[in-house]
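Here is a friendly walk through one protein model, from a helix to its aromatic rings and nonpolar cores. Have a look at the sequence and the structure first.

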Amino acid sequence: LIHGLDPNEYLDLPKEPRVVMSLSPGGLDKYYNRSLVTAIKSAVLEKTGLEVIHTNVNYDVKDWQDYKELLGSSLISIYPFKDSPMPRSRTESFLSSSCVLSSRYHNADEFIKHGVNGFIVPDNPLSYAEAIHLLINEAYGQAIEIGIQGKLMAQKYFDLDRYHDQLFYVISEVAKGQI
């Protein structure tokens with residue numbers, strides 16, 4: 001099942017030239033591609049002068065409202081994870097109209113149309129840094145438009161009613177002994 005979220009829960013605020021990443025502070029190094037995450041942070045700082053805001057690492061999220069405001073006001077969100085199937089935080093960024101840069105894993109190409117509603121970026125820190133540099137310094141308006149398109153996609157693809165329907169179907173099939 002692909003999760004579904006209520007789009008009304010998320011904030012679409014005026015964007016600040018900020019890059020945010022929502023990822024637990026430690027553990028599952030290979031799963032989350034932490035060596036790439038570390039390299040991306042360094043490359044982005046070197047290329048743009050911006051520090052990637054890593055929630056609960058260099059930015060302490062106070063509460064749910066603070067988290068939604070952070071995502072809602074961030075121009076760019078990055079998700080370079082390798083084995084994190086369908087990260088919920090990525091969907092939260094889409095629903096906040098943040099321009100999402102994501103790894104290619106777990107069928108990302110089924111809903112991310114590269115350059116239209118987000119970006120699928122190779123597992124290379126320089127690719128992330130260069131894309132962020134271009135979006136912030138040369139294509140700010142385009143990043144905002146891509147974020148808007150990402151939100152529209154997420155409202156359809158990650159619809160809460162669709163999730164409930166699929167969950168009900170799975171539960172009913174299990175109850176019938178079909179699964």
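## A covered helix

Which residues are buried in α4? They are S89, R90, T91, E92, S93, F94 and L95, where buried stands for under 20% relative accessible area, exposed for over 50% and partly exposed for anything in between, with a 1.4 Å probe and protein chains only. That makes 7 of the 8 residues of α4, so the helix counts as mostly covered by this definition. The cover over these buried residues includes α3 (64-72), β3, β4 and α6, with contact taken as heavy atoms within 4.5 Å. After α4 comes S97, which has a positive phi near 65 degrees. Helices (H or I, at least four residues) and strands (E, at least two) are DSSP runs numbered from the N terminus.

A word on the source: this is a predicted model, in which local features need pLDDT of at least 70 and side-chain atom pairs count only at pLDDT 80 or more, while totals for chains, interfaces and linings use all residues. Residues are numbered from 1 along each chain as its sequence is written, and side-chain values use heavy atoms, leaving out hydrogens and water.

## Aromatic pairs

Searching the whole structure turns up 8 aromatic pairs. Rings of Phe, Tyr and Trp (its six-membered ring) pair when their centres lie within 6.5 Å; planes under 30 degrees apart are stacked, over 60 edge-to-face, and the rest tilted. One of the pairs joins F94 and F111 edge-to-face, at 6.3 Å centre to centre with 80 degrees between the planes. F94 sits in helix α4 (residues 88-95) and F111 in the loop between β4 (99-102) and β5 (119-120), so this pair ties together parts 17 residues apart in sequence. The relative accessible area is 0% for F94 and 2% for F111.

F111 also pairs edge-to-face with F158, at 5.3 Å and 80 degrees. Because F158 lies in the loop between α6 (140-157) and α7 (160-175), this second pair links parts 47 residues apart in sequence. Both F111 and F158 are buried. Together, F94, F111, Y157 and F158 make up one aromatic cluster.

## Nonpolar cores

A nonpolar core is a set of buried Ala, Val, Leu, Ile, Met, Phe, Trp, Tyr and Cys residues joined through side-chain atoms within 4.5 Å. The largest has 40 residues, of which I76, I78, C99, L101, I132 and L135 touch the most other members. Among the elements giving it two or more residues are β1 (16-21), α2 (34-48) and β3 (74-79), while α5 gives the most, with 6.

Leaving aside residues up to four places away in sequence, L135 touches L75, I76, C99, L101, F119, Y140 and A143. A second, separate core has 5 residues, including I53, Y67, L70 and L71.
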